[in-house]
Amino acid sequence: MASIFTKIINKEIPCYKVAETENCLAFLDINPNAEGHTLCIPKKEIDNIFDLDTELYNELMLFSKKVAKALKKAVPCERIAMSVIGLEVPHAHIHLIPINEMKDVTFVNKKKFSETEFKEIAEKIKASF
Ligand code: AMP
């Protein structure tokens with residue numbers, strides 16, 4: 001069965017898109033740790049990020065770097081944290097999380113945003129990409 005992220009790529013379910021290239025996609029995490037929490041994924045469905053071939057792994061890393069730079073411009077924060085978890089969705093992804101302190105990367109304190117707010121932040125990041 002296709003992963004939920006493959007369904008997003010295929011436009012079967014919506015997302016708040018931030019950036020896209022031929023092989024990668026970035027969109028807002030629907031249950032974010034912070035405003036602007038973004039997921040960067042390869043379009044090819046592979047569960048474990050460390051199973052990507054080197055070329056695609058490097059491409060995803062470079063894509064994530066560009067998205068992180070845009071995110072830093074769009075969201076006031078101390079740093080953009082990068083994290084790989086993968087316990088919930090079996091489709092490789094990199095979390096990019098605007099942080100001000102260590103607790104912002106704990107995946108415990110979640111933030112709520114309205115659809116309008118999600119759209120606004122996605123547009124802001126997109127404009128900086
Ligand atoms: P993990 O696989 O543990 O790295 O966590 C998966 C992440 O994907 C979680 O932070 C979820 O909030 C996020 N997520 C799950 N479904 C969606 C979706 N449809 N759109 C955006 N983010 C999602």
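These notebook entries record what I looked up in a predicted model.

**Basis.** I number residues from 1 along each chain as its sequence is written, and I leave hydrogens and water out, with side-chain values using heavy atoms. Because the model is predicted, local features need pLDDT of at least 70 and side-chain atom pairs count only at pLDDT 80 or more, while totals for chains, interfaces and linings use all residues.

**Ligand.** I then turned to polar contacts (pairs of N or O atoms within 3.5 Å). An N or O atom in the side chain of His93 lies 2.6 Å from an oxygen atom of the ligand. Polar backbone atoms also take part: that of Glu88 is 2.9 Å from a ligand oxygen, and that of Leu87 is 3.1 Å from a ligand oxygen. The protein buries 89% of the 500 Å² that the ligand exposes when taken alone (Shrake-Rupley method, 1.4 Å probe).

**Cavity.** I searched the whole structure and found one cavity of 30 Å³ or more. A cavity here is a set of points, on a 1 Å grid over the protein atoms alone, where a 1.4 Å probe fits but cannot get out; lining residues have an atom within 4 Å of a point. The volume, about 40 Å³ for the largest cavity, is the space filled by probe spheres set on the points. Its lining includes Leu28, Asp29, Pro32, Phe113, Phe118 and Ile121. By class, I note six nonpolar, two polar and two charged residues in this lining; Gly counts as polar, Asp and Glu as charged.

**Cysteines.** How many disulfides are there? I count zero disulfides (a disulfide being a pair of cysteine sulfur atoms within 2.5 Å). Cys15 is in none, and the nearest cysteine sulfur, that of Cys40, is 12 Å away. The sulfur of Cys77 is too far for a bond, because the closest cysteine sulfur, in Cys40, is 14 Å from it. Cys77 is buried, at 13% relative accessible area, and Cys15 is partly exposed, at 28% (buried: under 20%; exposed: over 50%; partly exposed: in between; 1.4 Å probe, protein chains only).

Notes:
On a 1 Å grid over the protein atoms alone, a cavity is a set of points where a 1.4 Å probe fits but cannot get out, and a pocket is an open set with protein on both sides within 12 Å along at least five of seven lines; lining residues have an atom within 4 Å of a point. A polar contact is a pair of N or O atoms within 3.5 Å; within protein, one must be able to donate a hydrogen and the other to accept it, and residues adjacent in sequence count only if both atoms are side-chain atoms.
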